[in-house]
Structures are given as C-alpha cells and as structure tokens.
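Hi,

Here is the structure I promised to pass on. Could you open it alongside this email and follow along? My notes are below.

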Amino acid sequence: EWNFVPADYAKLDREGMFTRQAGMPGAAFDAAVLIALQDARVDIATFYTGTNLVYGLFNAYGTPHKAYYTFLAFRRLLDCPDRLALENAGVGDTWALAGISTDRTMVRVLISNPGPAKTVRLDLKNLPWSGEAGCEKQVLTTEHSLDSVATQAVSGSDIVVTESIEGVSVCLLTIKSN
C-alpha cells in the first residue's frame, strides 16, 4: 500500500498533512509514484485508499480531491499503451511517462512536477505520421482540475514541444494526428 505521507509523520500535525495529501503536493507525489512504479520491481502496488474520507480520492461529500485527477490523467495515458522511451524522465524532481496509441495516431505524455516551475522541452522523433497534428495541454494545479489550458498546431514526424510547467503540478500532453 502507498499514499502521500511525509517522512516526519510523527511530528506533523494531522490536519496539515491531510490538507497537503488532498491538495497539489499529494497529487504531484501520486503522479510521480505512478510513473516510477512502471520501472519498479514490484508485482502489486495498491493506493491506500480510494474511498476513505481522509486518505481517499474524495471528500465526505463526494467531491474529488486533487489526487483523483492524477489517477484520471494516468487513466487517459492508458489510451496510449505502447510505451515510448524518454530521456531524463526521472531527473531531479520531474517525472514523465509517454506512450503511443495502438493505431499510432496519438501520443500522450504525463509529467509530474513536485518542485518549482520549469520549462520542459520534448523532442518527439520518428512519429508515424508526417502531416498536421494538434497538441493539447491539460493541467492539474491548485486552480485547475485537469483542465485544457492550451492547444497548438504542430506538424511532421519530428516535433519539438516546449511547455512551461507550473510548480507542484501535473501535466498531460496529448499530440494527435489530424
């Protein structure tokens, strides 16, 4: 089982910990763990817990915590199940995972940034299309709950995408051929 619990748990005020767990620090941590688990030598890893009101993905009224949207972004990444290699994907405090759809028309990249704001450059090479494509950026931040905040046109089989990634955030990029 895993969930967001700071290392100094015994010294931490519980209300502050649960506020961080339900907010963006917990959501960015959860995304980093989901990404890191893909290369871990683990047979089963279970998130604790989806329904518990304090540790869960929802509050007492059924409203999603920010972590819910991390799991939704990861679910959307599964629409692109064929994994793509990424260089520098777990360097520092930035984590990334990418895949391509089985019909080879869509690429998704999930980025977790538990640290300060930064710029990320993606060099996508040898894509299986050569024409026009669109790139959509969805973000999970304090203000956004996996909202689409930007789109841009791109083209070719080699695409460079440069994105500003807010601090303590999760970003899902979708590049889809037209």
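Predicted model: local features only at pLDDT ≥ 70, side-chain atom pairs only at ≥ 80, totals over all residues.

The space in the largest pocket comes to about 590 Å³.

Which strand gives the largest share of that lining? Strand 4 does, with five residues. Strand 4 covers residues 118-124, and it is joined by strand 2 and strand 3 in supplying at least two lining residues each.

Eight of its eight residues are buried. In a regular strand, side chains alternate between the two faces of the sheet. Here, Met106, Arg108, Leu110 and Ser112 point one way, while Val107, Val109, Ile111 and Asn113 point the other, and both sets are buried.

Now for the neighbours of strand 3. With strand 2 the pairing is antiparallel, over six bridges, and Ile100 has Val107 as its bridge partner in strand 3. Strands 2 and 3 make a hairpin with five residues between them. If you click on Arg104 in the turn, you'll find a positive phi of about 65 degrees. Strand 3 also pairs with strand 8 in the antiparallel sense, over eight bridges. In that pairing, Asn113 stands opposite Ser169 of strand 8.

The other piece I'd point you to is helix 2. This helix runs over residues 24-37, which makes 14 residues, and it reaches 20 Å from first C-alpha to last, close to the 20 Å expected at 1.5 Å a residue.

Why is helix 2 described as largely enclosed by the rest of the structure? Because ten of its 14 residues are buried, with buried meaning under 20% relative accessible area. The buried ones are Met24, Gly26, Ala27, Ala28, Asp30, Ala31, Ala32, Val33, Leu34 and Ile35.

And what covers them? The cover includes helix 1 (14-22) and helix 3 (66-77), along with strand 2 (95-100), strand 3 (106-113), strand 5 (132-140) and strand 8 (169-177).

Cheers

Conventions:
Residues numbered from 1 in each chain as written. Heavy atoms only, no water. Helix = DSSP H or I, 4+ residues; strand = E, 2+ residues; numbered from the N terminus. Expected span 1.5 Å × (residues − 1). Buried < 20%, exposed > 50% of the residue type's maximum accessible area, 1.4 Å probe, protein only. Contact = heavy atoms within 4.5 Å. Pairing = 2+ DSSP bridges. 1 Å grid on protein atoms, 1.4 Å probe; cavity = no way out; pocket = protein on both sides within 12 Å on 5 of 7 lines; lining within 4 Å. Points joined across faces, edges and corners; volume = space filled by probe spheres on them.
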